[in-house]
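Please keep the sequence and the structure in view while reading.

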Amino acid sequence: MQPDKTDSAGVDVGNEKPEVRAEQSGGQTVVVLSGPWTTQTVGLIDDEMRSLEKRVSGPLTLDLSKVIDLDTAGAWLFERIGRTAASQNAEVKIKGATQRYKVLLDRAAEIPAAQSDRRLGGDRSVFARTF
């Protein structure tokens, strides 16, 4: 039996994998995210996201316009990098988020850092300020 390749909305995602590309532009980091960011896929990209978190300095924009599916696991990775930037007093912006994604990001923002990833510290809700 072949695994189901549909996203949470029932859309066929085939062999899509999450991708992240960081670009420096005008003194800020723009992170372009694409593909499915779900419980089934975030394990494939978590190490890369953690590495990126260590390199982020200054203002941060997360571009979600190419994300084809998102659940709370993916939203948490976005929240985590946002908290890292905010802990350095950097401005964090979200671009290209659908209304459904905004709801998930709001939910991820409600998770105290102590319950999800103690290494980041603090419980500042980055995305709640952005929307």
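In this predicted model, the side chains of Glu91 and Lys93 meet in a salt bridge, with 3.9 Å from N to O. Glu91 counts as partly exposed, at 48% relative accessibility, and Lys93 also counts as partly exposed, at 41%. Elsewhere, salt bridges that share partners join Asp46, Arg50, Glu53 and Arg80 into one network. The structure holds nine salt bridges, and three of these pairs, with the distances between their closest N and O atoms, are set out here.

| Salt bridge | N to O distance |
|---|---|
| Asp46 and Arg80 | 2.8 Å |
| Asp63 and Lys95 | 3.8 Å |
| Glu91 and Lys93 | 3.9 Å |

Asp46 lies in helix α1 and Arg80 in helix α2, so the pair ties together parts of the chain that are 34 residues apart in sequence. Both Asp46 and Arg80 are buried.

The salt bridge between Asp63 and Lys95 likewise links distant parts of the chain, since Asp63 belongs to strand β3 and Lys95 to strand β4, 32 residues apart. Are the two partners buried or exposed? Asp63 has a relative accessible area of 8% and is therefore buried, the cut-off for that class being under 20%. Lys95, with a relative accessible area of 46%, is partly exposed.

The strands that carry this pair belong to an open sheet of four strands, in the order β1-β2-β3-β4, with mixed pairing. Its edge strands are β1 (19-25) and β4, each of which pairs on one side only. On average, and with direction ignored, neighbouring strands of the sheet are turned by 20 degrees against each other. Strands β3 and β4 run parallel and are joined by four bridges. Thr61 stands opposite Lys93 in β4, and this Lys93 is the partner of Glu91 in the salt bridge described above.

Helix α3 lies across β3 and β4, running at about 115 degrees to β3.

Which elements contribute to the nonpolar core? The largest nonpolar core has 27 residues, and those with the most contacts inside it are Leu33, Trp37, Met49, Leu62, Leu64 and Phe78. Two or more residues of this core come from each of β2 (28-37), α1 (46-55), β3 (60-70), α2 (72-86), β4 (92-95) and α3 (99-109). In soluble globular proteins, nonpolar side chains tend to be buried together.

Two loop residues complete the picture. Ser57 is found in the loop between α1 and β3 and is partly exposed, with a relative accessible area of 45%. Leaving aside residues up to four places away in sequence, Ser57 touches Thr29 and Gln88. Although Ser57 and Thr29 are 28 residues apart in sequence, their C-alpha atoms are 7.5 Å apart in space. Asn89, in turn, is found in the loop between α2 and β4, and at 68% relative accessibility it counts as exposed. The phi angle of Asn89 is near 60 degrees, a positive value in a residue other than glycine.

Methods:
Residues numbered from 1 in each chain as written. Predicted model: local features only at pLDDT ≥ 70, side-chain atom pairs only at ≥ 80, totals over all residues. Heavy atoms only, no water. Core = buried A, V, L, I, M, F, W, Y, C linked by side-chain atoms within 4.5 Å. Buried < 20%, exposed > 50% of the residue type's maximum accessible area, 1.4 Å probe, protein only. Salt bridge = Lys/Arg side-chain N within 4 Å of Asp/Glu carboxyl O. Contact = heavy atoms within 4.5 Å. Pairing = 2+ DSSP bridges. Axes fitted to C-alpha atoms, helices over the stretch in contact; angles between N-to-C directions.
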